[in-house]
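Trainee: Hi! I'm new to reading structures, could you walk me through this one?
Mentor: Happy to, let's have it on the screen.

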Amino acid sequence: MDQHVLRLITEKGINGLSESELALIQTHTEECRECLRAYQAARLMATILKARVNETVESTPFFHTRVMATLRERHSNEETTIFYRLWRMVWPTVSAMLAVIIALLIGNFILRFQASPSEQSYTPDSYTVETLILEEGDATASEQINDNEVFSAVFGPEDENGQDY
Amino acid sequence: MVLKTDQVADSILVSQACAGDEDAFAEIVRRYSPRVFRIVSRFFRRPTLVEELAQDVFLKAYTHLSDYEGRGSLEGWLSRIATSVCLNALRSARQRPESSLADLTEAEAKWLEASLSNSTVKGYQDAEKDLIAADLADKLFRELSEDDRVVLTFIEGDGLSVKETATLTGWSQAKVKVQLFRARRRMRKVLEELLDSQAQRLVKS
């Protein structure tokens, strides 16, 4: 086997050989069976590959329409995905805040309704000397209180000796 | 003067598309879908799969449109994305061969025989012969790696230069050369074994 011939075939390929190189190879392969086999294989390779690349699938007329439709669909999916991802990031914080607010509201209502009567603020009707005196004006003459009664009401009753208790 | 869309330069279309102009990007798709389909067709044959991958190319291009700096052509940029998408698809689709080279059909065996003897394959139309050859190519590729397939397809099949292949794949030119050398050697070995087995079959029959 002639290594030079083999190297020529492998390095340059059948299509890359010059006329002189082809002539050299063809002369040599008349005598060398192994190089003939290598040369035949190289020729077959070139023919087969040429036939393969000649087979082409043509682009369809509405291919660009389908590409644009796919792009638009992808955009709308991405927008949905962005909102979804944002929500996934913030939902623990938002949920915790809502839970605190709800707990505070519930606690407030519970505390209000559970307050005891003694704790309820009691505001007795207050009356003052002025009220007594002013209300006196509504009463008839016989019902009006006299001065002694006024003093008794404000300062307390006097003893028999006219002294306050 | 208002320019029609098909007269607008690629760079203007790209900046309009980056600004959100859908019509500008639709025009980019219309202009370069034939090129992208051609590249994807190099590696896949099913029309639905080719269209699906071509769509992936443009969706990826849209996502990275702002990365296009305008230094090379938009066509070249899209071609690189298409090559990358195809390579990834080839790698993820890597599976056991459904049929091996030993299971050649009668048509494939006839084609091989005729090709070796430089005669014509009788009984088949030209289009059928091309289909047989393309089927053979797919069977052969299953014996090689994805990188081998890419470099052989572009250089041996498409006739691209090492430099052009390096630009498409993003590899260095040195890597392309080494990969090409190894790929040719591997494919040649596979074909030699196939020819030997065919010769033995003919001797037995």
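Trainee: Let me start with one residue: is B:S41 buried or exposed?
Mentor: B:S41 counts as buried, because its relative accessibility is 1%. Buried means under 20% relative accessible area, exposed over 50%, and partly exposed in between, with a 1.4 Å probe and protein chains only. B:S41 is located in helix α2 of chain B. Helices (H or I, at least four residues) and strands (E, at least two) are DSSP runs, numbered from the N terminus.

Trainee: And what does B:S41 touch?
Mentor: Leaving out residues up to four places away in sequence, B:S41 touches A:R52, A:E55, A:T56, A:V57 and B:V50. Contact here means heavy atoms within 4.5 Å.

Trainee: Before we go on, what should I know about the model and the numbering?
Mentor: This is a predicted model, where local features need pLDDT of at least 70, side-chain atom pairs count only at pLDDT 80 or more, and totals for chains, interfaces and linings use all residues. Residues are numbered from 1 along each chain as its sequence is written, chains are lettered from A and ligands numbered from 1 in the order in which they are written, and side-chain values use heavy atoms, with hydrogens and water left out.

Trainee: Got it. How many helices and strands does chain B have?
Mentor: Chain B has nine helices and zero strands. Of its 205 residues, 47% are buried. Among the chain B contacts with a separation of 6 or more, 63% are between residues 24 or more positions apart.

Trainee: Which residues does B:M187 touch?
Mentor: Not counting residues up to four places away in sequence, B:M187 touches A:M45, A:L49, B:L140, B:F141, B:L144 and B:L152. B:M187 sits in helix α9 of chain B and counts as buried because its relative accessibility is 0%. B:M187 and B:F141 are 46 residues apart along the chain, and their C-alpha atoms are separated by 8.3 Å.

Trainee: Let's look at the interface. How much area do chain B and chain A bury between them?
Mentor: About 4100 Å², with 65% of it on carbon and sulfur atoms. Buried area is the accessible area (1.4 Å probe) that two parts lose on being put together, summed over both. The contact takes 52 residues from chain B and 39 residues from chain A.

Trainee: How many salt bridges does the rule find across that interface?
Mentor: Six, between chain B and chain A. A salt bridge is a side-chain nitrogen of Lys or Arg within 4 Å of a carboxyl oxygen of Asp or Glu. One salt bridge joins B:E51 and A:R66, with the closest N and O atoms 2.7 Å apart.

Trainee: Which helix gives the largest share of the side of chain B that touches chain A?
Mentor: That is α2(B), with 12 residues.

Trainee: Which network of salt bridges are B:D135 and B:R45 in?
Mentor: A network of salt bridges links A:R52, A:E55, B:R45, B:D135, B:D138 and B:R149. A:R52 and A:E55 were also among the residues that B:S41 touches.

Trainee: Are B:K139 and B:E108 buried or exposed?
Mentor: B:K139 counts as buried because its relative accessibility is 9%, and B:E108 is buried, with a relative accessible area of 4%. B:K139 and B:E108 form a salt bridge whose closest N and O atoms are 2.8 Å apart.

Trainee: And B:E69 with B:R71, buried or exposed?
Mentor: B:E69 is exposed, with a relative accessible area of 59%, and B:R71 counts as exposed, at 74% relative accessibility. The closest N and O atoms of their salt bridge are 2.6 Å apart.
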